[in-house]
Each structure stands twice: as C-alpha cells, then as structure tokens.
Amino acid sequence: MKVLLASSEVHPFSKTGGLADMVGALGKALARAGHEARIVTPLYRGIYEKFPGLKPEDWQFDLPLGAKQIQGKLFSLDVEKNLTIYFVEQDEFYNRAGIYLENDVSYADNAERFIFFSKCAAHLARYLPWQPEIVHVHDWQAAIVPALILHQRQNEGWGNPPATCLTIHNLAYQGTFPREAFALTNLPQEFFTPERMEFFDHLNCLKTGIAFADAITTVSPRYAREIMTEEYGCALDGILRKRKNSFYGILNGVDYEEWNPASDKFLDKNFSATRLGGKTANKLALQEEFHLPLDKNIPLFGTISRLAEQKGVDIQLGALEEMLSTDIQFVLLGSGATAYERGYQELARRFPTKVAVRVGYDETLAHRIEAGCDFYLMPSRFEPSGLNQMYSLRYGTIPIVRATGGLDDSVIDMTEDADCANGIKFREYSARALAKAIRKALAIYQQAELMRRYRRNGMKSDFSWNRTVAEYLRVYKTAKSATR
Ligand code: ADP
C-alpha cells in the first residue's frame, strides 16, 4: 500500500514526545513490511545541518492562507528502501528556536503555521506523481487535511482521492483558535458548523479531523474507550461516540532497534534477560552521573517526562515527600512547566543524597535512566499510550503506573496475573495511592527471586511494530472501503 503520513514531529528529526517516536517507527515498519511510506513534516531549525543528505525537490508551494499567499519549498531524504521523508521549508514559520512554543508560551501564529503545513500535506497528496492510497495524519497540527481533501474532491475535481486516517495521540491538545482563524483554511463557510469544525465559536482542528477522516485511531484500546466518556473526553466525547464505528484503539509499538539493552550504544554495559548482571554497572554509572551515593543495594527509582499536569507531577511530588524517609533514591529527567521543575529541584535540594534532577531534554540520558533504574514511576492522570513504561519493561526496570490508558494496556499487575506480573498498578489518583505502590515495590525489592521474575517477565513482553503495523493496515483497508 502507498501511505503518506503527515506529522508535526518525526524522530529522529524533531521531537517533543511520543508522537515523534510513533510516526518515525510506523513509517519504518510500513516500509519494512513491503509498503511504500512517505512522511511529510516541517523543516525546523537545525534539521538541514544535522542531515546533510537532504536534497531540494523541484517543487514550489504557493498556497492561499486566508487573504495571503504563502510560498514554501520542499526537501526530501531517502531514509531506506520504501521510506522517504519530505520536509516543508517555510523559514518564517518553522525556522525558530522551538517547535510549538518558547519560554512556556505557545507561538501566537500556530494556527497559521500548522494550517499552512496541512495545506502542504494535502497539496502533496494531490499532485505528487507518487499517488498515496492513504493519507494518515497525526494530531491537531495535521488534522484538517481530511476536510481539505474532501472539499477539493467535491469542488475542485480531485478524482479518486486517497482515503484518510487520523490518529489522536493526545485528546488534550486540540488546536482551538478564535473563529477568525477559520478563514485561514479558505474552506467555505458551511464547513464551520458545530457538527464539523466549530467548537463553541472557535475553530477546532482536532475535531475537524474526527468529523472528516474516513477512520480515526488513538494509541491504546483503553484510551479509546476512556475518551468516549465525559470524564476523559475533553468535550469531544460526543463526536467521538458518533464516529465510534470508525474509531479504533491501537497500542503504540516500540522501536526495538532504538530501545534494546543488548545493543544500546548509550549504555555503559549492555545486558539482556539472560545476562542481567550488566544492569548493575548501569545503575552505578547512573548514580555517579547524578552525584548520588554509589550503592547497588539502594532501590533506585526514575522518571523521564514532559513536566505537565497530565503526567501526575503533583501526586508524584507528594508521594516522594512521604517515601523519602525510607532508604531510596530517585532521579528525574524532565522539562516543562516551571513550577513543576522547581518542585523537583526543591526536593533535590532538601534530599541531596536521595534525589537528583536534570532539567532539560537529553536522549542519551533517557536511555541510561531506563537501563540504570530498578523502578520507573509513571503516575499519569491520563496516558494515551505512554512509551516509557514499555521501554522500562524491556530494560528490566519495573514500571509503577496508574491504571489508565496505555499504561493499563501494557503493564500487568500481580492482581491480574501472578505468573506474568511485570509491574505495579494503582488506580486512585492520589499521592497516598502512589506511595502505597512504592511500598509494594520496596517489598518486591527485598525478594531477589521475585524481583528477577518481574524483570524477566517485563523483558519478555513484546510491543514490536510487526503486530502494530498489521493493525494499521487493517484500519487503512477499512478506511479505503469507507471513503466518502
Ligand atoms: P508524551 O508523548 O506524552 O510526552 P510518551 O511516554 O508517549 O509521552 O513519550 C515520551 C517520549 O519522549 C519518550 O520517548 C521519552 O523518553 C521522551 N522524553 C520525554 N521527556 C524527555 C526528556 N526530558 N529527555 C529525553 N527524552 C524525553
């Protein structure tokens, strides 16, 4: 099948979270399964310098954006057989210090930036000599593409356009803008209704995708069920329920070429389920890197995260406060809301031999934390898929997670299956419940054999993309037969 993916982030070119990992891995997995995958994404600052293989295409975008005409260029990179990445160059929009924001503040022209990007994606789908059968768009930044395609089909004579699929990576980010932003789409006014693109007098890009895409997916089965309820639905549960026959939950896969402790180039020592000894060397190296006392017997907990409300920072700070009277260590790598960064830094200041914090974004350190820790904390308020708990499982680091979304779908608690247990789950969103889960972890830590069993079970679990890609192909086929 020929699939064009459109995403505002793609690993290894740009990344703020799991979206980038997923799109990069899906492209690769489709290509390796013998399909033709191409991905379109913006050319952000620094990509051109870092990837000298980028070549200019003989292509010029000159597209209306409201009353203006905006020009852009196209670059491409052939990554491997069957996988090409297209980069949209538009320096005013994308050559900036951040992807979505700077200093905690979203760019004021994000509507312009990503509506333009969506128009470029639709334009490529229409005019590339290579004609995609499916256009698979990701999150709000590309979510209006299905509306653009439908409009061009109905009004501009685009015969036989591709089917469309939207993946929701996080329903909390919808791309809502004041109603005036609708003009940037250059779509006729009849598209701006509460059934389609309008959301309480605003333009809502994600809702647009939900209304228009032939198929909709999200990144875990449990999150799919959750967001059709009022509690988790971020006010879009109604339209999701309306589309429930075309809505699927597919748990994200893991790129085990990138995340494999047996071959991970960032580790001090590689290890595997049968050679677990190497994990201790990584633990000591991590303690050293974070200037914590070197002691292989102290249980070491870790977290790598965007510091946002979603990630359960408040209950994590509360639970740590309670648990730091016991003999544990905790390391954090994260960045995000300043108040949360300060909260962890303050904890590290008060407990310098127990807590260490690195504020920032650091791919190498993320791998070293996964390898060096005994337990991984992920107490999210909600979690569409979550990747770090799956990386933890593969690295023999036992995840402690709140039973929500993809966390619930990927981790097995003792109470669900004693033989296959690979992590600890708690339900109630509270510091007390998380502290209790940490106490359970400490009890497991005291029993070497039990600890080994959890680790081995985790390292055996398989979230590889072969399975995931087969599920997407099924959805693509359904979308093709449903094209409106
Ligand atoms: P989300 O997409 O909500 O941020 P996920 O768990 O799905 O959460 O994916 C997060 C991805 O981003 C993982 O690959 C994780 O390792 C990475 N990540 C998050 N914060 C950092 C950071 N500060 N440094 C390095 N990697 C990070």
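Q: What makes up the lining of the second largest pocket, by class?
A: The lining has 4 nonpolar, 3 polar and 6 charged residues. The classes work like this: Ala, Val, Leu, Ile, Met, Phe, Trp, Tyr, Cys and Pro count as nonpolar, Asp, Glu, Lys and Arg as charged, and the others, Gly among them, as polar. Keep in mind that this is a predicted model, where local features need pLDDT of at least 70, side-chain atom pairs count only at pLDDT 80 or more, and totals for chains, interfaces and linings use all residues. Residues are numbered from 1 along each chain as its sequence is written, and side-chain values use heavy atoms, with hydrogens and water left out.

Q: How do you know how much space lies in the second largest pocket, and which residues are closest to its centre?
A: It's about 350 Å³, a volume being the space filled by probe spheres set on grid points that are joined across faces, edges and corners. Of the 13 lining residues, Thr280, Asp374, Tyr445, Met451 and Arg455 are the closest to the centre. Helix H10 (278-289) and helix H17 (448-460) are the elements that give two or more residues to that lining, with H17 supplying the largest share, 4 residues. Helices here are DSSP runs (H or I, at least four residues), as are strands (E, at least two), numbered from the N terminus.

Q: Why are 2 spaces called cavities?
A: On a 1 Å grid over the protein atoms alone, a cavity is a set of points where a 1.4 Å probe fits but cannot get out, whereas a pocket is an open set with protein on both sides within 12 Å along at least five of seven lines; lining residues have an atom within 4 Å of a point. By that rule there are 2 cavities of 30 Å³ or more. The second largest cavity has a volume of about 30 Å³. Asp21, Met22, Ala25, Gly253, Val254, Asp255, Leu387, Tyr391 and Trp465 line it, which comes to 6 nonpolar, 1 polar and 2 charged residues. Helix H1 (residues 18-32) brings the largest share, 3 residues.

Q: Why do E17 and E20 count as edge strands?
A: The 6 strands form an open sheet, E17-E16-E15-E18-E19-E20, with parallel pairing. E17 (355-359) and E20 (424-426) each have a single partner strand, so one side of each has no neighbour in the sheet.

Q: How do you know that E19 and E20 pair?
A: Pairing needs at least two DSSP bridges between two strands, and 3 bridges join E19 (residues 398-402) to E20, so they qualify. Arginine 402, for one, has phenylalanine 426 in E20 as its bridge partner.

Q: What makes up the open sheet of 9 strands?
A: The order is E3-E4-E5-E2-E1-E8-E9-E13-E14, with mixed pairing. E3 (55-65) and E14 (247-249) stand at the edges, each with a single partner strand. The twist averages 25° from one strand to the next.

Notes. Axes are lines fitted to C-alpha atoms, for helices over the stretch in contact, and angles run from 0 to 180 degrees between N-to-C directions.
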